[in-house]
Structure formats: structure tokens, C-alpha cells
Amino acid sequence: MAEMVGDEDLTNAVALNSTSFNAAGWIGPAVAGLLIARVGIGWAFLLNGISFGAVLISMWFFRLSELHASARALRTTSGFLEGLRYVWRKPELRAILIMLFLIGTFGLNFPIFISTMAVSVFHSDARGFGLLFSIMAVGTISGALFAAGRRRPDLTSLLTGAGVFGLGCTLAALAPGYWWFAPLS
């Protein structure tokens, strides 16, 4: 991504990429739930596979001569450990690393949690799962658009976001029913 936009627009480009990724996560499951209910899971998978053709075609149109090439960092066998030591010595970076570890550990599994809740706890079908996943994506798109509008993230906003995420996960785990769980997902 850095090669496509350059350093000055990288933060916004990452946030906008997250927005498009989550928009697909919002629209895709809703459409998939409807397709599975109407034509079956096999046809839904086939149409999803065909949709990847659009991505491949768009990549074919990349203008490689306009990319912003950047110099690669020198790789050493101890580079990873040196990087960890550097981050651990900086309190701000250490807080961000711990926060990313926790959110990555618990947040990246949230789609699996949603599917488990939809099927095993709420006894929902593909449409119910699609709706839950779409509702989750609305929240992530909102957060990504908020991040895209900021010039530089600060530690306070990162910690606030992590706290809100943790509270949302806790409340979702305690939700007594589907319609209580849905807005928390």
C-alpha cells in the first residue's frame, strides 16, 4: 500500500483499505445469506469465486511505473529481536503492541464467535448469521472511516477504542438473546 500512495497518505490509505475490506464484510454475508437461502450453498460459493475475477482484472490495470518504490530495510537474523527490544523500551509503543496483541487475539476471532453464537446459541440460519456479520461490519466501517479522517492516531484514541471494543465484547458475551447480541456485535 505504501508503494501505491506514498508516505504522506499512507495512514489514510490504510484506513480506507480497511473500510473497503469491511464494506465487503458487510455486504458479502448479507448477499451470501440471501443466496444460500434462495439457490443453495454451492451456487453461493461459485458466485463468490467468480467475483474474484474483478479483483484480478483491476490488478491487471496497475500502472507499475507510478508506484512509489521504497528502499528495503537490511534484514539480519537478530532484526526481529532488536525490533522487539526497541518497542519494549518505548512506553507508547509497548502499550500499542500489547493492545494490538489483545485485540488481534480476541478481535480477529470475533467472526468465528458470531457464527458460533448465531448457529449454536440462537439457532439461526444463514440469513441470521449474515445479518449479525453485516451489523458487525457497520461498526468496523464506522471505525475505519473515523480513523481515515484523522491525520495521526494518538495513544488516547487508541486506548479509548480498545476499551470500547473490550466493553462491547463483554456485553456481547452476556447478551441474553439474538436482538440484544446483534447491536453489540
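**Close-up views of a helical chain**

**Figure 1. Surroundings of F110.** Apart from its neighbours within four places in sequence, F110 is in contact (heavy atoms within 4.5 Å) with M136, C169, A172, L184 and S185. The structure is a predicted model, in which local features need pLDDT of at least 70 and side-chain atom pairs count only at pLDDT 80 or more, while totals for chains, interfaces and linings use all residues. Residues are numbered from 1 along each chain as its sequence is written, and side-chain values use heavy atoms, with hydrogens and water left out.

**Figure 2. The chain as a whole.** The chain contains nine helices and zero strands; helices (H or I, at least four residues) and strands (E, at least two) are DSSP runs, numbered from the N terminus. Its C-alpha atoms fill a box of roughly 50 × 45 × 35 Å, taken along the principal axes. Of the 185 residues, 20% count as buried, a term that means under 20% relative accessible area, with exposed meaning over 50% and partly exposed in between (1.4 Å probe, protein chains only).

**Figure 3. The crossing of helix 6 and helix 7.** Two packed helices are described by the angle between their axes and the distance between the axes. The axes of helix 6 (residues 110-121) and helix 7 (residues 126-148) come within 9 Å and cross at roughly 145 degrees. Axes here are lines fitted to C-alpha atoms, for helices over the stretch in contact, and angles run from 0 to 180 degrees between N-to-C directions. Helix 6 contributes F110, P111, I114, S115 and A118 to the contact, and helix 7 contributes F129, L132, F133 and M136. Eight of these residues are nonpolar, one is polar and none is charged; Ala, Val, Leu, Ile, Met, Phe, Trp, Tyr, Cys and Pro count as nonpolar, Asp, Glu, Lys and Arg as charged, and the others, Gly among them, as polar.

**Figure 4. The largest nonpolar core.** This core has 13 residues, and those with the most contacts inside it are F110, I114, F122, L132, M136 and F181. A nonpolar core is a set of buried Ala, Val, Leu, Ile, Met, Phe, Trp, Tyr and Cys residues joined through side-chain atoms within 4.5 Å. Helix 6, helix 7 and helix 9 (178-184) each supply at least two residues, and helix 6 gives the most, with four.

**Figure 5. G177 in its loop.** G177 lies in the loop between helix 8 (155-174) and helix 9. The residue counts as buried because its relative accessible area is 16%. G177 and F122 are 55 residues apart in sequence, and their C-alpha atoms are 7.1 Å apart in space.
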